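Please walk me through this protein chain, from its overall form down to single residues.

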Amino acid sequence: MTDEHYLELAKGLFKFEDNPTDDQINAKAKELKDNNVARANAKTSGKAKLKAGEALTDAEIEALFG
């Protein structure tokens, strides 16, 4: 997903009457992107641990199985 997609998603999370600043929108877009990257990393790590027979963290379980 591109940065523009994250900005559009972030804009959609605010109500019109909230009148968010550019800084607030950019912070929300960064938060969305960071969460997406963390989830992808947890999924990759979880798959590797399953293959190796290691214990999974809660974040890895959530990323793999919802």
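Read along its sequence, residues 24 or more positions apart account for 14% of the protein chain's contacts with a separation of 6 or more. Keep in mind throughout that this is a predicted model.

Begin with the secondary structure. The protein chain has 3 helices and 0 strands. Along the sequence the pattern reads α-α-α. Helix α1 covers residues 3-12, and helix α3 covers residues 58-65. Between them in number comes helix α2, residues 22-52.

Now take the overall form. The C-alpha trace spans about 50 × 20 × 15 Å along its principal axes.

Helix α2 deserves a check of its own. It holds 31 residues, and at 1.5 Å a residue it should span 45 Å. Just after α2 comes G53, which takes a positive phi of about 80 degrees.

The accessible surface of the protein chain comes to about 5200 Å². Carbon and sulfur atoms own 54% of that surface. Buried residues make up 15% of the 66 residues.

Which residues of α2 are buried? They are I25, A29, A42, G46 and K49. What do these residues pack against? Their partners are α1 and α3. Two residues, one from each partner helix, show this packing in detail.

The α1 example is A10, which lies in that helix. A10 has a relative accessible area of 0%; buried means under 20%, so A10 is buried. Leaving out residues up to four places away in sequence, A10 touches I25, K28, A29 and L32. Two of these names, I25 and A29, also stand among the buried residues of α2.

Is E60 buried or exposed? Its relative accessible area is 5%, and the cut-off for buried is under 20%, so E60 counts as buried. Setting aside neighbours within four places in sequence, E60 is in contact with A42, S45, G46, K49 and A55. Among these, A42, G46 and K49 belong to the buried residues of α2.

Stay in α3 for a moment and turn to E62. E62 has 40% relative accessibility, so it counts as partly exposed. Its C-alpha atom is separated by 8.4 Å from that of K43, 19 residues apart along the chain.

Move back to α2 and find K33. K33 has 32% relative accessibility and so counts as partly exposed. Leaving aside neighbours within four places in sequence, K33 is in contact with D3 and Y6. K33 and Y6 are 27 residues apart in sequence, yet their C-alpha atoms are 6.6 Å apart in space.

M1 lies in the segment before α1. Is M1 buried or exposed? At 61% relative accessibility, with exposed meaning over 50%, M1 counts as exposed. M1 and G46 are 45 residues apart in sequence, and 22 Å apart in space, C-alpha to C-alpha.

Finish in the loop between α1 and α2, where N19 has its place. N19 has 63% relative accessibility, so it counts as exposed. What is the phi of N19? It is positive, at about 45 degrees, although N19 is not a glycine.

Methods
Residues are numbered from 1 along each chain as its sequence is written. This is a predicted model: local features need pLDDT of at least 70, side-chain atom pairs count only at pLDDT 80 or more; totals for chains, interfaces and linings use all residues. Side-chain values use heavy atoms; hydrogens and water are left out. Helices (H or I, at least four residues) and strands (E, at least two) are DSSP runs, numbered from the N terminus. The expected span of a helix is 1.5 Å times one less than its number of residues. Buried means under 20% relative accessible area, exposed over 50%, partly exposed in between (1.4 Å probe, protein chains only). Contact means heavy atoms within 4.5 Å. Accessible areas come from the Shrake-Rupley method with a 1.4 Å probe; for residues, only the protein chains shown count as cover.
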